[in-house]
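Dear colleague,

I am handing over the structure below, and my notes on what was found in it follow directly after. Please read them beside the model.

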Amino acid sequence: MKKIKIKVNGKVKTVLNNSKLSDLLKNLNIPLKKVAIELNQEIIDKKRSNNIKLKKDDKIEIVHFIGGG
Amino acid sequence: MKKDKLIIAKKKFDSRLIVGTGKYKNMSECAKAIKFSGAEIVTVAVRRVNISNKNKPLLMDYIDPKKITYLPNTAGCFNSKDALRTLRLAREIGGWKLVKLEVLGDKTNLFPDMIETLKTTEVLAKEGFRVMVYCNDDPLMAKRLENSGADAIMPLAAPIGSGLGILNKINIQIIRKQTKLPVIIDAGLGQASDATIAMELGCDGVLVNTAIAKAKKPFEMALAFKNAVVAGRQSYNSGRIDKILMGNPSSPTEGII
């Protein structure tokens, strides 16, 4: 299967074309309840990540809470 | 004494001390300092997950959001667009609607950009957020924020992290007098007595991060701030005496031998 490059939190990642976002999140060990996810600057519904297929040059941001004032 | 609660966006809190969770040596130190402070609200920042270190400890593992109210902030945002993006993401993490907005205007003094702040407050309020707004100590801007839908006014005491204490007590008092909203002193406190002064000016609470996190003994300082806020509030509620220029003896002047 064809491989594509995407960016996750600013870092280039190679994944299979049309692979699911949910697989990527699982692979990265992301605790879904504690994060929010953006795909190309749009917030996505975390529960629907298995309906989203990754495409070339997709930009994904995964954020969580850290200490701050 | 009747219960004297802090009410923000219809939520009631016993503690009037809000603490930041930044600048601690590690998360367990941060969690312990929060315990000592008695704070029920803590500010948190929204940042990228470290995807190369999967085992990095998470804030939520140390500070339970079911027990302590998380107040997501927009630290590091210098315009409305970034602040909105950050808080929309924060809400998405788990439904947080109570947020702290801060839009900074200058990287060295960290003063807020009030034009961007005002604009953002309006948008957030329309989107259903309950917004606590970091602002300068300008009564006119504070009024505008109130009119834009803010839920709490958070004027700075002094620049963030400066430890200078309250620079403009008169402005803070004017801001307190003119608004129905809670006024929380945010940023610039250096020691516990600064918090007492804030409370004695009539403020409804204080937000402290650096002064506790960077104290030589953070746990003791957290406790000191807790007590200082309580003392200041009690003092304010008790109604202080008038100031007079000359002395007034405490013992009766009649019957002196």
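In strand 4 of chain B, Arg47(B) is the bridge partner of His64(A). Strand 4 of chain B and strand 5 of chain A (residues 59-67) run antiparallel and are joined by five bridges, where two strands pair if DSSP finds at least two bridges between them, and where strands (E, at least two residues) and helices (H or I, at least four) are DSSP runs numbered from the N terminus.

This is a predicted model, in which local features need pLDDT of at least 70 and side-chain atom pairs count only at pLDDT 80 or more, while totals for chains, interfaces and linings use all residues. Residues are numbered from 1 along each chain as its sequence is written, and chains are lettered from A and ligands numbered from 1 in the order in which they are written.

As to the interface, 28 residues of chain B are in contact with 20 residues of chain A (C-beta atoms, placed from the backbone, within 7 Å). On the chain B side, two or more residues each come from strand 4 (41-48), helix 2 (59-62), strand 5 (69-72) and helix 3 (80-94), and strand 4 gives the most, with six residues.

Chain B itself has nine helices and 10 strands. Its C-alpha trace spans about 85 × 40 × 40 Å along the principal axes. Of the 257 residues of chain B, 45% count as buried (20 or more other C-beta atoms, placed from the backbone, within 10 Å of the residue's own).

With best regards

Notes:
Two residues are in contact if their C-beta atoms, placed from the backbone, lie within 7 Å. A residue is buried if 20 or more other C-beta atoms lie within 10 Å of its own, exposed if 12 or fewer, and partly exposed in between; C-beta atoms are placed from the backbone.
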